[in-house]
Amino acid sequence: RIVLYVPQAIVVAVWSLVAAPAVAIAWLALLIEGRLPTWLDHFIAAFVRYVGQVTAWFFLLSARYPDPLHTQAHPFAVELPERPRQPRLVTLFRLVLAIPALLLAIALRVVLTLASIPAWFAGLAVGRTTAGLQELGMFCLRYELETLAYTLLLTPRYPRLVPAEPP
């Protein structure tokens, strides 16, 4: 997977370079209008979805190779709200407010990385990972993507350790 991951990592890196100024524009748009422009919302949401696909595939949570153009339905889908109104004052301090969630997301990425090692061995032995490792990985990835969506201004909802609704 590491060899197949390299092109995906390059696409994520290039997209990140373009997404950074887009998020700065989004921050200004949210402060002025209180809502993201449609094109910007779609661009940043597509980035978050793709990062989710790449991460899920690399850490053995999904068997489907990531699709940066989203031309096919992917079994790992990230659902994001469509252009919600966001409070301007919270938006002003979003990066500072996101710091605790970002620190926890980093810790959960370490857990996801460590969980992928026995998942890889289980995949070699029985052809699939265990349900427990899959659930742990999905928990870590869900929180990481919620944090990413919050930090990149897609949603005003702070990341939660408990999902909004049962899976």
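Residues are numbered from 1 along each chain as its sequence is written, and side-chain values use heavy atoms, with hydrogens and water left out. In this predicted model, local features need a pLDDT of at least 70 and side-chain atom pairs count only at pLDDT 80 or more, whereas totals for chains, interfaces and linings use all residues.

Helices are taken as DSSP runs (H or I, at least four residues) and are numbered from the N terminus. Helix 1 spans residues 2–33 and has a kink of about 25° at A19, shortly before the proline P21; the bend at a residue is the angle between axes fitted to the seven residues ending there and the seven starting there. Within helix 1, the residues Q8, V12, W15, A19, A22, V23, A26, A29 and L30 are buried, where buried denotes a relative accessible area under 20%, exposed one over 50%, and partly exposed a value in between (1.4 Å probe, protein chains only). These buried residues of helix 1 pack against helix 2 and against helix 3, which comprises residues 88–92. Just after helix 1, G34 takes a positive phi of about 85°.

The packing of helix 1 on helix 2 was examined next. The two helices pack at an angle of about 155°, with their axes 10 Å apart; axes are lines fitted to C-alpha atoms, for helices over the stretch in contact, and angles run from 0 to 180 degrees between N-to-C directions. Helix 1 and helix 2 are therefore roughly antiparallel to each other, given that angles over 145 degrees count as roughly antiparallel, those under 35 as roughly parallel, those from 65 to 115 as roughly perpendicular and the rest as oblique. Helix 1 passes helix 2 in a left-handed crossing, a crossing being left-handed if the near helix is turned anticlockwise from the far one by less than a right angle, and right-handed if clockwise. The residues of the contact of helix 1 with helix 2 divide into 22 nonpolar, two polar and no charged; in this division Ala, Val, Leu, Ile, Met, Phe, Trp, Tyr, Cys and Pro count as nonpolar, Asp, Glu, Lys and Arg as charged, and the others, Gly among them, as polar.

Helix 2 (residues 38–58) also meets helix 5 (residues 131–151), and the axes of this pair come within 10 Å and cross at roughly 155°. That angle makes helix 2 roughly antiparallel to helix 5, and the crossing of helix 2 and helix 5 is right-handed. On the side of helix 2, V48, V51, G52, T55 and A56 take part, and they meet L141, L145 and L148 in helix 5, contact being defined as heavy atoms within 4.5 Å. The residues of this contact of helix 2 with helix 5 comprise six nonpolar, two polar and no charged. T55, which is found in helix 2, is buried, with a relative accessible area of 7%. Leaving aside its neighbours within four places in sequence, T55 is in contact with R109, L112 and L141.

Beyond helix 5, L153 lies in the segment that follows that helix and counts as buried at 2% relative accessibility. Apart from neighbours within four places in sequence, L153 is in contact with V23, A26, W27, L30, L36, Q86, T91 and R94. L153 and D41 are 112 residues apart in sequence, and their C-alpha atoms are 8.8 Å apart in space. The phi of L153 is near 70°, a positive value in a residue other than glycine. A positive phi of about 45° is likewise found at R83, although R83 is not a glycine; R83 belongs to the loop between helix 2 and helix 3.

P163 is placed in the segment after helix 5 and, at 30% relative accessibility, counts as partly exposed. P163 and A125 are 38 residues apart in sequence and 31 Å apart in space, C-alpha to C-alpha.
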